[in-house]
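The following note sets out points for a colleague who is reading this model.

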Amino acid sequence: MFNIQQTKSGAHARRVRMAETRPTPGKKLAHPSARGPRIFADTATIADIKPLFEAGIISGVTTNPTLMKKAGANSWSHATEIARQLIELVAPNPVNLELTELTEKEMVAQALQFAQWGENVVIKVPVGGYAAVDKSYDPHTGLKVIRALWEKDIKTNATLVFSSTQALWAANAGACYISPFLGRLADYAYKNDHPERAPGNSLYWIEDHKNSNNDQNVSNSEYVACGGDRKDIGPRLIQEISAIFTNYDIHTEILAASFRNFSQLTECLLAGADILTVPANILQKVCDHPLTEAGMATFFEDSKAFENNDRKALEQ
Ligand code: G3P
């Protein structure tokens with residue numbers, strides 16, 4: 001379990017130079033979590049988002065084509081309709097919409113179209129993987145698009161981030177947010193690790209298999225890949241990115257994504273994430289705890305006893 005001893009307070013130095021997340025100018029009682037992390041909903045399903053937004057549980061939304069499909073979109077016009085409803089519902093808070101085009105020119109054109117739908121639109125740009133779709137595609141497309149959109153003052157979120165080098169290059173290209181997918185990292189490590197080696201080694205050795213004496217091509221640092229339990233790989237990556245961003249006072253926000261359970265939320269906050277984007281099924285239960293329920297039942301029963309005694313006194 002990623003624990004408090006593994007964390008450093010370094011991220012604080014960067015956070016205090018960034019804008020407040022809950023500014024309350026002119027308010028006598030300043031917000032006690034003025035620099036606290038923001039929580040986004042990782043879903044496009046409006047029926048889930050609306051109550052969470054109205055309750056102040058979330059202050060932003062992240063979507064992707066898979067989440068749009070899950071929300072019921074079965075055509076571009078339907079997906080557009082859902083996106084526009086989300087933009088209106090949570091404005092001025094951010095709604096992240098992912099590009100689906102795969103070449104720089106078409107991606108920038110699609111981003112400009114999305115950006116017209118509202119000032120709160122953030123464009124999600126896959127950081128890499130283009131050559132995996134088609135070998136002829138430029139592997140640097142994502143970074144070029146992020147740079148082009150930064151030049152046009154359009155906010156981007158570099159998505160599908162699995163290493164701190166991807167995070168740094170996206171930040172240097174001008175991304176306002178980077179999204180490390182911690183759940184998928186842990187899933188990958190559980191599935192691909194060799195039991196005879198240290199936990200997480202699959203992420204360290206992934207390229208080394210092909211280049212037996214060339215450690216320059218490893219995908220992750222040894223700390224992230226081999227530094228402990230498989231399930232802690234995501235928080236270790238976030239801690240590494242946070243340390244690098246703090247070293248250089250990079251204000252790109254670390255938007256931790258791909259959550260599987262509650263403990264990962266805590267671990268990512270300890271590791272220095274700026275924002276958590278969380279699936280609705282987890283968000284709906286953030287206030288639950290068996291001991292809270294037991295305590296409430298007892299308090300309710302005991303308060304009833306006062307009422308009963310008062311009623312009896314009035315009746316006499
Ligand atoms: O925001 C990214 C997220 O939707 C990916 O989550 O569960 O598909 O790994 P998952």
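This is a predicted model: local features need pLDDT of at least 70, side-chain atom pairs count only at pLDDT 80 or more; totals for chains, interfaces and linings use all residues.

1. A polar contact is taken here as a pair of N or O atoms within 3.5 Å.

2. For Ser258, a polar side-chain atom lies 2.8 Å from a ligand oxygen atom. For Asn64, the distance from an N or O atom of the side chain to an oxygen atom of the ligand is 3.2 Å. Taken alone, the ligand exposes 310 Å², of which the protein buries 81%.

3. The surroundings of the ligand consist of Asp42, Asn64, Leu67, Lys124, Phe181, Arg184, Ala257, Ser258 and Arg260. Sorted by class, this shell has 4 charged, 3 nonpolar and 2 polar residues.

4. Phe181, one of the residues around the ligand, also takes part in an aromatic pair. The structure holds 2 aromatic pairs. In one of them, Phe162 and Phe181 are arranged edge-to-face, with 5.8 Å from centre to centre and 70° between the planes. This pair links distant parts of the chain, its members being 19 residues apart. Phe162 sits in the loop between β5 (156–161) and α8 (164–173), whereas Phe181 sits in the loop between β6 (177–180) and α9 (182–192).

5. Is each member of this pair buried or partly exposed? Phe181 has a relative accessible area of 8% and is therefore buried. Phe162, with a relative accessible area of 23%, is partly exposed, because buried means under 20%.

6. The aromatic pair of Phe114 and Trp117 is tilted, with its centres 5.1 Å apart and an angle of 35° between the planes. Both Phe114 and Trp117 are buried.

7. As to the overall architecture, the protein has 15 helices and 8 strands. Its C-alpha atoms fill a box of roughly 90 × 50 × 40 Å along the principal axes. Of the 316 residues in the protein, 43% are buried.

8. Two further values describe the protein as a whole. Among contacts between residues at least 6 apart in sequence, 58% join residues at least 24 apart. The protein exposes about 17,100 Å², and carbon and sulfur atoms supply 55% of that area.

Technical notes. Residues are numbered from 1 along each chain as its sequence is written. Side-chain values use heavy atoms; hydrogens and water are left out. A residue is near a molecule or strand if one of its heavy atoms lies within 4 Å of it. A polar contact is a pair of N or O atoms within 3.5 Å; within protein, one must be able to donate a hydrogen and the other to accept it, and residues adjacent in sequence count only if both atoms are side-chain atoms. Accessible areas come from the Shrake-Rupley method with a 1.4 Å probe; for residues, only the protein chains shown count as cover. Ala, Val, Leu, Ile, Met, Phe, Trp, Tyr, Cys and Pro count as nonpolar, Asp, Glu, Lys and Arg as charged, and the others, Gly among them, as polar. Rings of Phe, Tyr and Trp (its six-membered ring) pair if their centres lie within 6.5 Å; planes under 30 degrees apart count as stacked, over 60 as edge-to-face and the rest as tilted. Buried means under 20% relative accessible area, exposed over 50%, partly exposed in between (1.4 Å probe, protein chains only). Helices (H or I, at least four residues) and strands (E, at least two) are DSSP runs, numbered from the N terminus. Contact means heavy atoms within 4.5 Å.
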